[in-house]
Amino acid sequence: MATIASLITELRTDLADDDSTRFTDAKLLNLFKKAIRRANRIVQRNGIQFAKSKGAINTSASLDYVALPADFDVWHGLYRDDTHKEILKKTEKEWETIYSASAMANCLLDQANSKIYFNATPGTVVALTLWYYPAIDPSAYVVGTSTPWSGRIDDIIMEYVGLRAKNIDEME
């Protein structure tokens with residue numbers, strides 16, 4: 001897994017800027033942050049497997065909701081570990097019109113409050129597996145930060161940054 005600094009060094013060769021006269025590391029770092037944010041949404045939209053995470057969640061016998069993982073960003077699926085069946089995620093409209101269903105047959109994602117609600121209190125502790133895309137927030141990245149996704153799309157990210165840098169260079 002590469003650091004952003006190593007990608008900047010490699011990119012400087014493509015930009016013919018080995019002496020760092022046209023682009024500072026700080027300017028290229030900002031372009032890398034933007035590229036990583038864009039790449040994150042692209043891997044989510046395209047269902048790229050390596051970007052997904054799996055979280056273990058346990059219900060409470062007395063609550064009809066569970067908390068989302070702290071790094072939750074985009075839903076993929078929620079499954080009961082005991083039956084290996086998916087708990088169907090409903091829209092708000094569908095949720096409000098559920099008339100009768102067994103406990104935990106349906107759920108509602110309340111991302112604003114970081115919760116998953118169930119259509120009834122489980123009554124017992126149930127182990128669940130949540131598949132999701134974690135939030136990737138490059139705002140605190142520095143040049144020494146490792147790239148996300150174990151470097152699997154470093155070349156694509158670097159190519160995007162290179163094109164943006166060339167465009168900026170041409171405009172100036």
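I started with the largest pocket: helix H2 (25-45) and helix H4 (154-171) each supply at least two residues of its lining. Helices here are DSSP runs of H or I with at least four residues, strands are E runs of at least two, and both are numbered from the N terminus.

A note on the source: this is a predicted model, where local features need pLDDT of at least 70, side-chain atom pairs count only at pLDDT 80 or more, and totals for chains, interfaces and linings use all residues. Residues are numbered from 1 along each chain as its sequence is written, and side-chain values use heavy atoms, with hydrogens and water left out.

**Pocket**

I looked up what counts as a pocket: on a 1 Å grid over the protein atoms alone, an open set of points with protein on both sides within 12 Å along at least five of seven lines, with lining residues having an atom within 4 Å of a point. Which helix gives the most to the lining? H2 does, with five residues. The lining includes Ala35, Arg38, Phe50 and Tyr160. By class I found ten nonpolar, no polar and one charged residues.

**Strand E6**

Next I turned to E6 (residues 115-118), where Ile116 and Phe118 make up the covered face, and Lys115 and Tyr117 the uncovered one. Strands pair if DSSP finds at least two bridges between them. E2 (residues 65-67) runs antiparallel to E6 with three bridges, and Val66 stands opposite Ile116. E5 (residues 106-110) is also antiparallel to E6, joined by four bridges, and here Cys107 stands opposite Phe118. In the E5 and E6 hairpin, four residues lie between the strands, and Ser114 takes a positive phi near 55°.

Technical notes: Buried < 20%, exposed > 50% of the residue type's maximum accessible area, 1.4 Å probe, protein only. 1 Å grid on protein atoms, 1.4 Å probe; cavity = no way out; pocket = protein on both sides within 12 Å on 5 of 7 lines; lining within 4 Å. Nonpolar A, V, L, I, M, F, W, Y, C, P; charged D, E, K, R; others polar.
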